[in-house]
Amino acid sequence: MSGISHPEAAARFVADDARAHWHDQALWWVRKKRDVASSAVPDWEALRDAAAGIKAHTLSRIGDYLEEFERNATARGAKVWFARDAAEHNAVVHGILSERGVTKLVKSKSMLTEECHLNPYLEARGIEVTDTDLGERIVQLRHEPPSHIVLPAIHLKKEEIGELFHQQLGTEKGASDPKYLTEAARQHLRRRFLEAGAGLTGVNFAVAETGGVVVCTNEGNADMGTTLPPVHIACMGVEKLIPRLQDLAVFLRLLARSATGQPVTTYTTHFHGPRREGELHIVVVDNGRSAQLKDKVFRRSLACIRCGACMNTCPVFRRSGGYSYGFIVPGPIGSILAPGRDASAYSTLPFASSLCGSCSDVCPVRIDLHHELLAWRQEIVKRGLLPRSKRVAMKLAGWVLRFAWLYRLAGWLARRVIPALPRGLVYARWNTWGQQRELPPMPRETFRELYRRLRGRP
Amino acid sequence: MAAREEMLAALRHNAPREVPLPDSSRLGVQFPDPVRQYVESLRSVGGACLLAADRAAAQRAVADLPVYRGARRIVSLVPWVGQGNVDLAALADPHDLEGVDVAVLPGELAVAENGAVWVDGRSLPHRAVFVIAEHLVLVAEARQVVNDMHEAYARLAAREVGYGLFISGPSKTADIEQALVIGAQGARSCTVLLVG
């Protein structure tokens with residue numbers, strides 16, 4: 001896995017100042033809609049408690065619930081597959097398709113298949129894959145990954161999408177009206193739905209008690225993709241399990257409100273077994289999840305229901321963009337999940353946070369995101385993955401803060417020496433903090449001196 | 001099946017000590033007038049609700065809908081509402097549903113807090129009909145309006161749940177610059193008729 005430096009990638013994003021502000025405002029608007037929707041629900045906080053509790057319970061008995069789910073889903077005529085990692089997952093999906101001679105697959109949103117890099121795997125084997133969520137189709141046509149898990153094309157302007165559609169779908173040159181472009185995509189995707197030999201979806205929730213899987217969309221693309229072709233493949237991480245049908249009420253009341261401020265998604269489809277003369281395959285994937293379950297701090301983020309609220313609210317995400325994280329799930333939750341996969345490649349992500357805690361405040365399943373980010377920072381230090389500049393600075397700060405006399409001396413020196421130094425030296429490359437910021441003017445007296453002057457010796 | 005056994009073993013081995021399931025029996029919201037709230041919720045998600053006192057009024061209300069009057073191919077799975085001219089039971093292939101203008105489908109429950117209607121898959125000879133039709137009319141009894149999702153699932157759990165879905169308003173997207181566009185991949189409009 002290739003590494004990414006969040007500060008470097010973010011610097012490229014903020015180089016276009018107007019665009020960075022536009023991105024910030026677009027996401028803040030979504031965050032505000034979430035606030036309106038959640039504050040209209042009188043039992044919102046109790047719902048969050050319940051959701052967190054149900055997830056914690058499920059994870060503590062995940063093996064039992066997985067077996068119960070498998071038993072019930074099988075009894076309803078679905079075929080349940082198990083995949084330990086991405087390679088097994090891709091091989092299972094390809095096996096199902098190739099056995100049936102399927103060459104055209106329509107997909108609705110699934111972060112898991114992004115995680116497993118399913119599309120290039122299938123394309124290399126001669127299968128045409130069409131992402132059918134509008135935002136995902138846009139980024140697919142641009143050969144880009146999604147930049148946000150709920151709003152895949154949030155980084156693009158309508159003029160760019162208009163130009164893309166002009167080139168690839170034959171829309172009018174210069175047309176950028178979202179309504180016109182959406183209609184063009186509808187016609188284009190309709191043909192793909194009608195031609196497809198199989199439909200693949202993600203899974204929002206898998207109900208152990210009934211053996212059903214639930215898929216939520218606004219566009220209806222998952223429904224088009226599962227009701228026209230005879231074969232439906234549903235891919236899920238094992239953490240999507242919940243115990244009972246009634247638990248869906250808790251999560252569905254939280255999910256769309258947290259994601260986009262809607263009271264519920266337009267379509268919330270419950271699949272229990274295949275349709276008449278059709279097939280339903282459910283692929284349950286581990287790919288590092290059982291290992292994460294072992295860690296008593298980081299296991300809590302397995303409760304994530306992928307609403308994206310932590311991204312919309314995060315001051316760093318809003319101003320640095322989804323691609324600055326270099327991981328399929330960006331933002332605060334991605335900065336916890338990514339180093340769990342590869343701590344060395346993603347060592348900068350836990351630092352892409354001001355630790356303001358806004359993510360934890362909006363999380364519908366009460367993941368303590370900012371605490372986990374802090375825990376990852378400690379882990380990065382322990383594993384020796386901190387860059388040298390930070391390591392040295394931390395070491396120095398540790399010394400200075402340990403001895404009161406040294407702290408006083410350092411302050412005294414800094415106040416006299418720094419103003420006398422040439423600017424080029426103070427803001428030299430070693431001062432990474434000062435690259436985008438001005439140091440405050442040096443005060444004439446310290447707090448200690450001020451206190452002593454006003455109150456006398458303590 | 002090595003993958004299955006290995007996954008189950010790893011999950012069991014790594015799971016924390018059992019945490020009890022929380023009590024969620026006290027969750028929920030009660031509206032003074034659930035039907036009125038339903039009308040408001042559906043409006044907020046881009047749908048329209050019509051109230052009809054009885055079946056005759058429901059039939060008239062549907063006949064007056066502009067999307068119904070302009071329709072050529074109509075599916076009606078509610079015997080006393082609308083005049084269907086596409087026989088779903090006689091249709092072998094769901095692909096032939098492409099081009100259906102209006103589908104009138106029975107709804108079992110309507111949820112006041114979010115405008116959703118539960119459509120039971122057993123009432124659909126072809127599942128595709130609810131999403132492939134250009135316009136959707138859902139018909140439910142006014143006394144089947146519940147306050148919230150907890151009540152909805154309590155009703156659904158009373159018997160075996162198969163394929164089915166909640167539909168809340170028309171198909172929509174905001175994937176281009178967050179501009180809301182109605183009619184993404186599925187129905188371009190969603191009218192809910194509450195009868196009684």
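A:Trp81 lies in strand E1 (residues 79-83) of chain A; helices (H or I, at least four residues) and strands (E, at least two) are DSSP runs, numbered from the N terminus. This is a predicted model, in which local features need pLDDT of at least 70 and side-chain atom pairs count only at pLDDT 80 or more, while totals for chains, interfaces and linings use all residues. Residues are numbered from 1 along each chain as its sequence is written, and chains are lettered from A and ligands numbered from 1 in the order in which they are written.

A:Trp81 counts as buried because it has 23 C-beta neighbours inside 10 Å. The term buried requires 20 or more other C-beta atoms within 10 Å of a residue's own, exposed means 12 or fewer, and partly exposed is in between, with C-beta atoms placed from the backbone. Beyond its neighbours within four places in sequence, A:Trp81 is in contact with A:Val92, A:His281, A:Ile282, A:Val283 and A:Val284, contact meaning that the C-beta atoms, placed from the backbone, lie within 7 Å.

I turn to the sheet. Six strands of chain A form an open sheet in the order E1-E10-E7-E4-E2-E3, with parallel pairing; two strands pair if DSSP finds at least two bridges between them. E1 and strand E3 (128-131) of chain A each have a single partner strand and stand at the edges, so one side of each is left without a neighbour in the sheet. Within chain A, strand E2 (residues 104-107) and strand E4 (residues 198-201) run parallel and are joined by three bridges, and A:Val106 stands opposite A:Gly199 in E4(A).

Next, a helix of chain A. In helix H16 (residues 331-341), 10 of the 11 residues are buried, among them A:Ile333, A:Ile336 and A:Leu337. The cover over these buried residues includes helix H13 (289-294), helix H15 (315-320) and helix H18 (369-382) of chain A.

Finally, the two chains. Their contact takes 75 residues from chain A and 63 residues from chain B. Which element gives the most to the side of chain A that touches chain B? Helix H3 (residues 44-60) of chain A does, with 10 residues. That side of chain A divides into 37 nonpolar, 20 polar and 18 charged residues. Here Ala, Val, Leu, Ile, Met, Phe, Trp, Tyr, Cys and Pro count as nonpolar, Asp, Glu, Lys and Arg as charged, and the others, Gly among them, as polar. Strand E9 (residues 267-271) of chain A and strand E8 (residues 164-167) of chain B run antiparallel, joined by four bridges, and A:Thr268 stands opposite B:Phe166 in E8(B).

Note on methods: Contact = placed C-beta atoms within 7 Å.
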